[in-house]
Amino acid sequence: MQVNENKNSSYEVTDLTSLEKLEPVRVRPGMYIGSTGSKGLHHCIWEILDNAIDELTNGYGDRAEIILNKDKTVTVIDNGRGIPTGIHPIKKKSGVEMVYTELHTGGKFNNSNYKTSGGLHGVGAAVVNALSSWLEVEVYQKGSIFKQRFEHAYDKELKRKMPGTPVTSLEVIGNTRKTGTKVTFLPDNEVFSNVDFKFEIIDQRLQELAFQNKGITLVLKDLRKNEIVEKTYYSERGLLDFIDYLNESKTVLHKEPVLFGGEREVNGIRVEGEICVQFTDSTTENIASYVNNIPTTESGTHETGFKTGMTRAFKEWSKKLNLIKEKDKEFEGDDLREGMTAIVKVKISNPMFEGQTKTKLGNVEAYSMMNELCYIKFGEWIEDNKEIATVLINNALSAAARRDKIKKINEAERKKIGNGTAPLAGKIAVCTLKNPEFTEFIVVEGDSAGGSAKQARDRRFQTIMPSKGKIMNTEKQKLENVLASEELKIFNAAIGTGVLDNYKEEELKYGKIIIMSDADVDGYHIRTLWMTYIYRYMRPLIQNGHLYMALPPLYKVYKTTKNGEIAKYAYSDEELEAVKKEIGKGALIQRYKGLGEMNPEQLWQTTLNPETRTLQRVTIEDAAKAEKMISLLMGDVVEPRKNYMYKYAEF
């Protein structure tokens, strides 16, 4: 135990600090929205949108709209009932002011207004207000238009600048026949690293919400460019449309998906579940799970209950159909779910999430209900679909046999590593530091660039692995073929975590895994192949923020002067024009065709030096989105891939 040697230090009541009103949100924004990067920025939209969707799904409206404005503000409009505008008898404030200035204020702490809701903690609206430069609310209610504005402004009572301060009272500014709420806010650039809302991220979320809530209309408008973009989302078939969308680029084993639902009350909590499942010829499972419309990317009890109930039903029927004898080795749930696409959706009256960002459900009631529902309904489906069920069970038994084979391969590889005979020597240049907090593992495309990178690197913390070129497309390969790949074996042994269910974060040897490839079509393909492998086999590397793509420059702009050479690098055609102006008359341009054209000094300066390089962290904003993209880019079905590449030509 360490002892503070400063014997004269004291701890007095005057050392205590009290944060007032919304100040805690500004001090620790990550506690409320997850991060102050792109994920947290978009989370602000989700907090306001969740409130709108709660109105619609509880029967109080049928339309919500998101508008991305030119001034970097966002507007969210719904046609629900509108936030209460009356004066609270105890607080002596309007409902609007309470919702936007007080944490844990809302109408969702009991079930009298909402059977289920995504916005549950009563902090979402106030958090968005706290993290905005300003926010305006309009409420359409009782024939009137009410409006109030909040700013990060001076608070007369506390005599300092405070977030979310009301700068107007709730005023009536006109008459109306409609009902609903309109919220416009400007995220504060003192909080967020970059206030740049991504159309595709919002587009994906609205598409999923429309699939989950058939019959409601969602609209996204982007007014930021000269040409206005507007997109409408609506689904008639709900989860059936959703699973068609997820499996667009896959070959399905049965045309009609398994679809069922049910509800029950457990321990006084109402749980309603809906499941849609379809098996494909893929070798990986894909589960998109949601609680009260919120993506639960870290799963939870509802997903565990689904898996347990389904496995129970299939194991029981494998014996009824004489596909497995009493003494035979059974398949496991992982074997059964190979190639499965599933949407697991629950609505629950009192969800217990882990943290405000709501990515993992903790209710045991959800587990109990989903386990029993899936056991019964899958049993009924198998009884009516014995032929396809037999195929799925036989596939699971084959997967179990492969798993045993792979286990033996893994044990043999571990023995090699333990004996020091793993094929690492001469393949990679290892750094001297061992602390993952500081170390980087860099995969470099091509032997030529790999050789330069070995010379250019900082040997203290940068390990270099030259890659021969394109690794196998692991989306199309069986597991045993992937694990037998020499290059991937070298990568796995160097990283140290293991793969799939054997992944152990505590064994990770490097804090950053960086893929460095040329800035051309082949380079992008190589990045995608590595990302596909890591997404499929070492997904926590992405989820925990360890995977990066290095962005090498496209151009070197330079000229020789009396004092020597002046040189700048450009990473895009747009940046090239700006750099040319900066260098001035007489500037010469070198177009890099690949990393191999750079000498070690240039490679260090542009791509390896932490002070001057550009890295892009790979994130999984949404598991369903990432799954669809990987399957689409790397799968066998050509037409959807062509459409995607045409749409995102600059990918």
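Which does Thr280 count as, buried or exposed?

Modeller: Thr280 counts as buried, because its relative accessibility is 3% (buried means under 20% relative accessible area, exposed over 50%, and partly exposed in between, with a 1.4 Å probe and protein chains only). Please keep in mind that this is a predicted model, in which local features need pLDDT of at least 70 and side-chain atom pairs count only at pLDDT 80 or more, while totals for chains, interfaces and linings use all residues. Residues are numbered from 1 along each chain as its sequence is written, and side-chain values use heavy atoms, with hydrogens and water left out.

You will find Thr280 in the loop that runs between β11 (269-279) and β12 (helices, H or I of at least four residues, and strands, E of at least two, are DSSP runs numbered from the N terminus). A polar atom of the Thr280 side chain lies 3.1 Å from the backbone nitrogen of Ser282. Not counting residues up to four places away in sequence, Thr280 touches Asn247, Lys250, Thr251, Val252, Leu253, Gly339 and Thr341 (contact means heavy atoms within 4.5 Å).

Now step out to the strands on either side of that loop. Both β11 and β12 belong to an open sheet of 5 strands, ordered β10-β11-β14-β12-β13, with mixed pairing (two strands pair if DSSP finds at least two bridges between them). At the edges are β10 (258-266) and β13 (294-295), each of which pairs on one side only. Strand β12 (residues 286-291) pairs with β13 over 2 bridges, in the antiparallel sense. Within β13, Ile294 is the bridge partner of Val291. In general, strands of a sheet pair through backbone hydrogen bonds, either parallel or antiparallel.

The largest one has 48 residues, and Ile66, Tyr100 and Phe185 have the most contacts inside it (a nonpolar core is a set of buried Ala, Val, Leu, Ile, Met, Phe, Trp, Tyr and Cys residues joined through side-chain atoms within 4.5 Å). Helix α3 (residues 38-57) gives the most to this core, with 9 residues. A second, separate core has 38 residues, including Phe314, Leu361, Ala389 and Leu392.

One more loop is worth a visit. Asp188 sits between β7 (180-187) and α6 (199-212), and it is buried, with a relative accessible area of 3%. Leaving aside neighbours within four places in sequence, Asp188 is in contact with Arg26, Leu131, Ser132, Ser133 and His152.

Note on methods: Polar contact = N/O pair within 3.5 Å; in protein donor to acceptor, adjacent residues only side chain to side chain.
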